[in-house]
Amino acid sequence: MKWYDFLVLRSLLFNKANELAEKKSRGYGSEDDIFANFKLPETIGVMSAEMGAWLRLSDKVVRLGRQLVKGEEYVGFEDLVDTVLDTLNYAMVIVALRYEKDAKFREYLSKKLGVDLGIRE
């Protein structure tokens, strides 16, 4: 694959990941807080919201491994591409949760991205 072809494929996959995240956030979060479901374990003192998202991410990595090793296109109702898209989204959720709650991380990420998103606690 050539670099340009990879960039096009990657862009299309990220667009699909955005669509999937939007659909799923409607089913799990609330209108006021799309990450309400991730924050529940923190609210009850089990683990941080970021660790909860990491746990879900690790489930996706295990599923992806099974799909690759066993050559299974589907595990349950989820195909390999959906598993990859979910993996991308969970990784981004971890960053967003940290950004939302940690002023130092907001400053760091704003510098890294070259923009202040204006998201506050």
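Predicted model: local features only at pLDDT ≥ 70, side-chain atom pairs only at ≥ 80, totals over all residues.
Residues are numbered from 1 along each chain as its sequence is written, and side-chain values use heavy atoms, without hydrogens or water. Local features need pLDDT of at least 70 and side-chain atom pairs count only at pLDDT 80 or more, while totals for chains, interfaces and linings use all residues.

Helices are DSSP runs (H or I, at least four residues), numbered from the N terminus. The axes of H1 (residues 3–28) and H4 (residues 80–101) come within 9 Å and cross at roughly 75 degrees. H1 and H4 are therefore roughly perpendicular (65 to 115 degrees). In this contact (heavy atoms within 4.5 Å), H1 contributes residues including Leu-13, Phe-14 and Ala-17, and H4 contributes residues including Val-81, Leu-85 and Asn-89. The contact residues comprise eight nonpolar, one polar and four charged. Here Ala, Val, Leu, Ile, Met, Phe, Trp, Tyr, Cys and Pro count as nonpolar, Asp, Glu, Lys and Arg as charged, and the others as polar.

The largest pocket holds about 760 Å³ of space. A pocket is an open set of points on a 1 Å grid where a 1.4 Å probe fits, with protein on both sides within 12 Å along at least five of seven lines; lining residues have an atom within 4 Å of a point. Of the 31 lining residues, Ala-21, Phe-35, Phe-38, Asn-89 and Val-93 are closest to the centre. H4 gives the most to the lining, with ten residues.

In H2, Asn-37, Phe-38 and Lys-39 are buried (under 20% relative accessible area, 1.4 Å probe, protein chains only). The buried residues of H2 pack against H1, H3 and H4.

Notes:
Axes fitted to C-alpha atoms, helices over the stretch in contact; angles between N-to-C directions. Helix = DSSP H or I, 4+ residues; strand = E, 2+ residues; numbered from the N terminus. Parallel < 35°, antiparallel > 145°, perpendicular 65-115°, else oblique. Points joined across faces, edges and corners; volume = space filled by probe spheres on them. Buried < 20%, exposed > 50% of the residue type's maximum accessible area, 1.4 Å probe, protein only.
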